[in-house]
Amino acid sequence: MTSTFPDISISTDRLVLRPFEEADVPSLAAMMNDELVAAWTAIPQPYTEDAARVWSTESAHAERTAGHGIDFAVTEFLTQRLVGVVQLRNTDWRIRSSELSYVVASWARGEGYASEASLALAHWLFHDQKFERIELRTAAGNTASQQVAQKIGCISEGVLRNAFIARSRTEDGGWTDIRTDLIVWSLLPEDLEGIPGRLADANGFSYPEWN
């Protein structure tokens, strides 16, 4: 029988990681149409509100119930604004391994939201779900994503040559594909040792203390 992740929310001092809702559609569409998101992900461009609605109300739920992964809307605790997306995918329940990815809205970058959300998710995955490995893959030129991987304690394991297609703007304003390498990173439970944690709320999973 296929295993699945629970339908939950995770809280940190500044953020709430929760399931997507239809109300997230406008903010999600705006986030995914950002230049850097288009350059470093395979998300279709332009990303329409119809696509955002299908993903928020159908696809994300189906991903979880099928056991493939889980998708979280990352919101600010105080304002409830959508600041990003963090997700697990390509989950292997026998090996207890999953692949982590993240996107942050252009206006919210530089605040450490990607690393805070990713580390909270890692604590929950290792401590509550008893997983043994998280994997990240970052394009060779995506230094911002690589800095997040390093900040949360990931170890670089090697390079997958010519394994990804990034996008670059053309002179006429369109996009062109550029083949590039992928850097593979891993995070194991012992890599989080020494990072302070506490109980987030009554749900009982821990998250890092950021203040």
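**A guided reading of the predicted model**

The coordinates belong to a predicted model. The UniProt record, in an unreviewed entry, lists residues 15–172 under "domain: N-acetyltransferase".

Within this segment, helix α4 covers residues 113–127. Its 15 residues reach 21 Å from the first C-alpha to the last, close to the 21 Å expected at 1.5 Å a residue. Helix α4 is mostly covered, since 14 of its 15 residues are buried.

Attention may now turn to strand β5, residues 97–104, where Val-104 is found. Val-104 has a relative accessible area of 13% and is therefore buried, the cut-off for that term being under 20%. Apart from its neighbours within four places in sequence, Val-104 is in contact with Met-31, Val-83, Gly-84, Arg-109 and Ala-114. A further relation concerns Asp-34: its C-alpha atom and that of Val-104 are separated by 9.8 Å, although the two residues are 70 residues apart along the chain.

When neighbours within four places in sequence are left aside, the contacts of Thr-180 are Ala-139, Ala-140, Asn-162, Ala-163, Phe-164 and Ala-166.

How values were computed: Residues are numbered from 1 along each chain as its sequence is written. This is a predicted model: local features need pLDDT of at least 70, side-chain atom pairs count only at pLDDT 80 or more; totals for chains, interfaces and linings use all residues. Side-chain values use heavy atoms; hydrogens and water are left out. Helices (H or I, at least four residues) and strands (E, at least two) are DSSP runs, numbered from the N terminus. Buried means under 20% relative accessible area, exposed over 50%, partly exposed in between (1.4 Å probe, protein chains only). Contact means heavy atoms within 4.5 Å. UniProt positions are given in the numbering used here, feature names are shortened, and annotations may be inferred rather than shown by experiment. The expected span of a helix is 1.5 Å times one less than its number of residues.
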